[in-house]
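Please read them with the structure open.

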Amino acid sequence: MSFLDDLKRQAEALKAQKDGDAASIARNLALTESACKTVFTYFTTLAPQLEVLRPPSHARYTLDRQNVLERLPLTEFRVDSRRKKLGNEDVFDFLVMHWQLKTGREFQLTKDFLPDMEKLEAKLHQSGMKFENEAVRHAENGKLQCRRYTFVADFVGLVRVTAQHESAKLHFQVQNVDGFETVTLELPALEVSGARLDELAKWLTGHPHAFFKDALNVRRVEA
């Protein structure tokens, strides 16, 4: 084999690799976009039904030992999506369905122990509630006695789905469904079907579900 033949062989191999990589990228993009469209169609159909049904949450939202919120109706469902440019393609960036869990009750909780303060603040931040945090000091010596937290117990739940086009996966972030917590996981785009999303809907409405089956990188972080 001449040197020229060897260069030709190397060039052909590199071209075949690039063509294969481009085909793989295009395939992953198409799979991911198809899965995102499935999610968007499902969410925009699901949200109005849940808005009518207003299913009660199955979770116990524990603020502290004395204050637990239960059977809160899921209301005010909204669906949104954002797109971005990927090369020359206009593709999904993320989709989100969010809802409200409202009590209308105003709470005023005082905590005088640092770990209790940290736990309550973590839950309030996780919930998305707006709250006031006030230092309560001794009238005579000015020493800190406790901190007072004032808030209305109305908060949010959501499912956010982020497209991962390069790997043909969807990343799910689910907040405040089983309590004050965030659950994240990934699903291959090929696994995201109406049947799989039915399992998500079962989870949201408190029914037995198999949404986590074969999911990747499942992580649950409690506030």
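1. A definition before the sheet. Two strands count as paired if DSSP finds at least two bridges between them. With that in mind, glutamine 100 has valine 156 in β6 as its bridge partner. Note also that this is a predicted model.

2. The β4–β6 pairing. Strand β4 covers residues 89-111 and strand β6 covers residues 144-164. They pair in the antiparallel sense, over 15 bridges. Leucine 95 is another residue to check here: its bridge partner in β6 is valine 161.

3. The β3–β4 pairing. Strand β3 (residues 74-86) is antiparallel to β4, and 11 bridges link them. Valine 79 stands opposite methionine 97 in β4. The hairpin of β3 and β4 has two residues between the strands. Glycine 87 in this hairpin takes a positive phi, near 65°.

4. Strand β5 (residues 131-137). Which way does β5 run against β6? The two strands are antiparallel and are joined by seven bridges. Valine 136 has cysteine 146 in β6 as its bridge partner.

5. Strand β7 (residues 169-175). β6 pairs with β7 in the antiparallel sense over seven bridges. Alanine 163 has leucine 170 in β7 as its bridge partner. β6 and β7 form a hairpin with four residues between them. Please look at alanine 168 in that turn: its phi is positive, about 55°.

6. Is asparagine 28 buried or exposed? Its relative accessible area is 12%, so it is buried, the cut-off being under 20%. Leaving aside neighbours within four places in sequence, asparagine 28 is in contact with His165, Glu166, Ser167 and Ala168. The side chain of asparagine 28 also reaches the backbone oxygen of glutamate 166, at 2.8 Å.

7. Helix α3 (residues 194-204). The buried residues in α3 include Arg196, Leu197, Glu199 and Leu200. Ala201, Trp203 and Leu204 are buried in α3 as well. Glycine 206 follows α3, and its phi is positive, near 85°.

8. Arginine 196. Why does arginine 196 count as buried? Its relative accessible area is 9%, and buried means under 20%, so arginine 196 qualifies. Alanine 210 lies 14 residues from arginine 196 along the chain, and their C-alpha atoms are separated by 8.1 Å.

9. The largest pocket. Its volume is about 230 Å³. Thr62, Leu63, Asp64, Arg65, Gln66, Lys111, Asp116, Lys119, Leu120 and Lys123 line it. The elements that give two or more residues to this lining are β1 (60-64) and α2 (114-127). The largest share, four residues, comes from α2. By class, the lining of the largest pocket holds six charged, two polar and two nonpolar residues.

10. The second largest pocket. About 150 Å³ of space lies in it. Arg60, Tyr61, Thr62, Lys123, Asp178, Gly179, Phe180, Glu181, Glu222 and Ala223 form the lining. Here β1 gives the largest share, three residues. The classes are five charged, three nonpolar and two polar. Thr62 and Lys123 line the largest pocket, and they also line the second largest pocket.

11. The cavity. How many cavities of 30 Å³ or more does the structure hold? There is one. The largest cavity has a volume of about 40 Å³. Ser57, His58, Tyr61, Leu74, Trp99, Leu101, Asn176, Val177 and Leu204 line it. Six of the lining residues are nonpolar, three are polar and none is charged.

Technical notes:
Residues numbered from 1 in each chain as written. Predicted model: local features only at pLDDT ≥ 70, side-chain atom pairs only at ≥ 80, totals over all residues. Heavy atoms only, no water. Buried < 20%, exposed > 50% of the residue type's maximum accessible area, 1.4 Å probe, protein only. Polar contact = N/O pair within 3.5 Å; in protein donor to acceptor, adjacent residues only side chain to side chain. Contact = heavy atoms within 4.5 Å. 1 Å grid on protein atoms, 1.4 Å probe; cavity = no way out; pocket = protein on both sides within 12 Å on 5 of 7 lines; lining within 4 Å. Points joined across faces, edges and corners; volume = space filled by probe spheres on them. Nonpolar A, V, L, I, M, F, W, Y, C, P; charged D, E, K, R; others polar.
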